[in-house]
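Welcome! Take a moment to look over the structure below, and then we will walk through it together.

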Amino acid sequence: MAEVRAEMVANVWKVVATEGDQVEDGDTLVILESMKMEIPVIAEDTGALVKLNVAEGDVIQEGDLIATIS
């Protein structure tokens with residue numbers, strides 16, 4: 001299992017993927033907004049998106065778990 005974690009404090013602007021989706025390495029999972037910049041969070045592995053731990057509008061901290069890919 002691979003964990004995708006936040007690299008910065010940000011707002012979850014848009015959720016692109018949903019639980020159960022098959023994702024490829026490099027696919028966008030969510031888009032974060034920080035200091036008026038949009039930052040895509042990408043899958044680092046290929047597999048099934050088992051758990052998505054964020055929702056649009058959430059504020060996340062550096063190191064927070066965003067998603068789990070199996």
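A nonpolar core is a set of buried Ala, Val, Leu, Ile, Met, Phe, Trp, Tyr and Cys residues joined through side-chain atoms within 4.5 Å. Keep in mind that you are looking at a predicted model. With that in hand, let us start from the inside.

- In soluble globular proteins, nonpolar side chains tend to be buried together.
- Here, the largest nonpolar core has 20 residues, and Leu29, Leu32, Ile66 and Ile69 are those with the most contacts inside it.
- At least two residues of this core come from each of strand 1 (2–5), strand 2 (10–15), strand 4 (28–34), strand 5 (37–42), strand 6 (47–52) and strand 8 (65–69).

**Leucine 32 and its neighbours**
- Leaving aside residues up to four places away in sequence, leucine 32 touches Ala10, Asn11, Val12, Trp13, Met37, Glu38, Ile39, Val41 and Ile60.
- Leucine 32, in strand 4, is also the bridge partner of valine 12.

**How strand 2 pairs**
- Strand 2 and strand 4 run antiparallel and are joined by four bridges.
- Strand 2 also pairs with strand 7 (residues 59–60), in the antiparallel sense, over two bridges.
- Opposite alanine 10 you will find isoleucine 60, in strand 7.

**A charged pair**
- Side chains of opposite charge can pair when their charged atoms come close.
- The structure holds one salt bridge: glutamate 3 pairs with arginine 5, and their closest N and O atoms are 2.9 Å apart.

Terms used: Residues numbered from 1 in each chain as written. Predicted model: local features only at pLDDT ≥ 70, side-chain atom pairs only at ≥ 80, totals over all residues. Heavy atoms only, no water. Salt bridge = Lys/Arg side-chain N within 4 Å of Asp/Glu carboxyl O. Buried < 20%, exposed > 50% of the residue type's maximum accessible area, 1.4 Å probe, protein only. Contact = heavy atoms within 4.5 Å. Pairing = 2+ DSSP bridges.
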